[in-house]
Amino acid sequence: MTRLCKFLHLLGAIVFTGILLAGVALVTLAPPPVAGSWPVLLPLATAAVTWLLVPGLLVTVVSGLLAIAAHRPFMEAPWVWLKGALGMLLTAIVLARLQPGLVEAARLAASGAAAPLEGVRASAALALIACLLAIALGVWRPRLASQRRI
């Protein structure tokens with residue numbers, strides 16, 4: 001059970017981080033909108049977030065929580081709980097800010113109006129920072145208090 005949870009956690013994190021990096025690159029490095037480009041790009045970004053980023057995030061969070069439940073030493077490690085809190089923060093950012101912001105921007109771009117991406121950029125940057133912190137915690141496994149080696 002523990003190995004399956006770890007595998008699913010890693011797989012979900014790879015999908016989530018990859019799509020998040022691609023999305024950050026799209027909304028940050030893309031040229032200013034020219035006639036006809038944003039109505040094509042934003043629905044693609046919205047589909048990527050809806051069908052890849054959100055499921056990848058949910059698989060990562062759920063498998064991480066199951067791994068904590070299945071492996072007793074994880075319950076006693078402070079870094080695991082900090083990583084879990086970062087996972088909850090990521091979930092809130094993606095579901096409350098990033099996905100709705102992209103959906104709204106795609107809707108506005110499809111109607112020909114200017115699509116405000118500042119909120120999407122900020123949400124994506126914050127999610128990326130939290131994601132990289134969670135990855136660093138999983139690799140580094142700092143001793144935040146006295147604990148046994150996992």
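**Around the largest pocket**

Colleague: Which helices each supply at least two residues of the lining of the largest pocket?
Modeller: This is a predicted model, where local features need pLDDT of at least 70 and side-chain atom pairs count only at pLDDT 80 or more, while totals for chains, interfaces and linings use all residues. Residues are numbered from 1 along each chain as its sequence is written, and side-chain values use heavy atoms, leaving out hydrogens and water. Going by helices (DSSP runs of H or I, at least four residues, numbered from the N terminus), those that each give at least two lining residues are α1, α2, α4 (78–110) and α5 (118–140).

Colleague: And which one gives the largest share of that lining?
Modeller: The lining of the largest pocket counts 29 residues in total. The largest share of them is 8 residues, and these come from α4.

Colleague: How many of the lining residues are charged?
Modeller: The lining of the largest pocket has 19 nonpolar residues and 7 polar ones. Charged here covers Asp, Glu, Lys and Arg. In the lining, the charged count is 3.

Colleague: How much space lies in the largest pocket?
Modeller: The volume is the space filled by probe spheres set on the grid points. For the largest pocket, that comes to about 700 Å³.

Colleague: Turning to Leu11, is this residue buried, partly exposed or exposed?
Modeller: Leu11 sits in helix α1. Buried means under 20% relative accessible area and exposed over 50%, with partly exposed in between (1.4 Å probe, protein chains only). Leu11 has 41% relative accessibility, so the label is partly exposed.

Methods
1 Å grid on protein atoms, 1.4 Å probe; cavity = no way out; pocket = protein on both sides within 12 Å on 5 of 7 lines; lining within 4 Å.
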